Amino acid sequence: MIKLQNVTFQYDKVILDQIDMTIKKSKITFIIGPNGSGKSTLASIISGLLFPKAGKIYLDDIELNRKVSNQLIRKKVGMILQNPSNQMLFSKVYDDIKFTLENMKVPKVEIPTKIEESLKKVNMLSFMDANPYNLSGGEKQRIAIASQLSLNPDYLIFDEATSMLDICGKKSLYQLIKKLKKEMGIIFITNNMEELVYADDIFIIDNRKVYKYTLTDIMKDNTILTNHKLDIPFIFKISSVLNIENPKELNEISILERMGIS
């Protein structure tokens with residue numbers, strides 16, 4: 001698991017103040033909060049791109065600090081950015097993933113197999129020789145994910161990863177994330193409250209502090225979101241009216257049945 005203990009971070013002013021968090025494998029952990037609250041900063045701290053002013057961070061049994069090699073960190077935590085094009089350098093999918101593996105000093109003899117396996121996981125094997133810049137937003141996102149999966153990380157961070165996708169692209173990504181959580185811990189950072197239906201654990205950053213909830217907590221009490229200056233998702237408003245408190249029932253079929261439409 002990932003542990004943050006008394007972590008404080010600041011630029012000109014304090015962004016995160018003595019926060020404690022535990023992020024588990026085989027779960028989808030959402031990090032949400034008002035704009036400017038420090039969500040992406042927290043993602044950068046977890047992935048070793050930024051280091052806190054105070055406190056400790058553990059990636060399983062590794063204490064994260066400036067002495068830990070980037071190679072080791074990248075094999076523990078991968079990150080998917082808002083714009084997948086920013087993670088692409090070459091005009092061939094194969095070469096992009098190959099570059100990632102070469103940077104991590106993966107033996108050359110293992111590279112072709114790792115590329116094939118990672119593309120299979122995201123259903124993009126047939127795009128191995130495609131130009132990534134000619135792909136749709138959703139397809140680009142899957143290639144970016146495959147590139148990270150090729151390193152077999154224990155955790156994968158999605159930082160606003162659905163903000164540039166259409167409805168079909170988002171649905172496809174949600175399905176993939178649910179599948180990937182069987183193999184690793186998923187950390188999902190978003191401003192879209194409608195996506196909370198996919199969460200196992202939820203951390204809200206507000207006024208430099210972090211608060212932990214479950215999806216059930218928020219379904220039972222929508223004021224949790226409004227108290228943190230966040231919008232209540234439409235589907236949560238419906239579930240409240242229909243007295244749906246079990247996240248497993250938070251779907252179209254259950255809602256229609258409660259409304260007497262089936």
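Helices (H or I, at least four residues) and strands (E, at least two) are DSSP runs, numbered from the N terminus.

I'm working from a predicted model, where local features need pLDDT of at least 70, side-chain atom pairs count only at pLDDT 80 or more, and totals for chains, interfaces and linings use all residues. Residues are numbered from 1 along each chain as its sequence is written, and side-chain values use heavy atoms, with hydrogens and water left out.

**Entry: two asparagines**

I looked up Asn-152 and found it in the loop between H5 and strand S7 (155-159). Its phi is positive, about 55°, although Asn-152 is not a glycine. Most residues other than glycine have a negative phi. Asn-152 counts as exposed, at 51% relative accessibility (buried is under 20% relative accessible area, exposed over 50%, partly exposed in between, with a 1.4 Å probe and protein chains only).

Next I checked Asn-123, in the loop between helix H4 (111-121) and helix H5 (137-149). Asn-123 also isn't a glycine, yet has a positive phi of about 55°. At 57% relative accessibility, Asn-123 is exposed.

**Entry: Lys-170**

Which helix holds Lys-170? I found Lys-170 in helix H6 (residues 167-180). Lys-170 is partly exposed because its relative accessible area is 22%.

I then listed its contacts (heavy atoms within 4.5 Å). Leaving aside neighbours within four places in sequence, Lys-170 touches Thr-162, Leu-165 and Asn-192. I also noted that 9.9 Å separates the C-alpha atoms of Lys-170 and Gly-137, which sit 33 residues apart along the chain.

**Entry: Phe-99**

Last, I looked up Phe-99, which is in helix H3 (residues 93-103). Phe-99 is partly exposed, with a relative accessible area of 30%.
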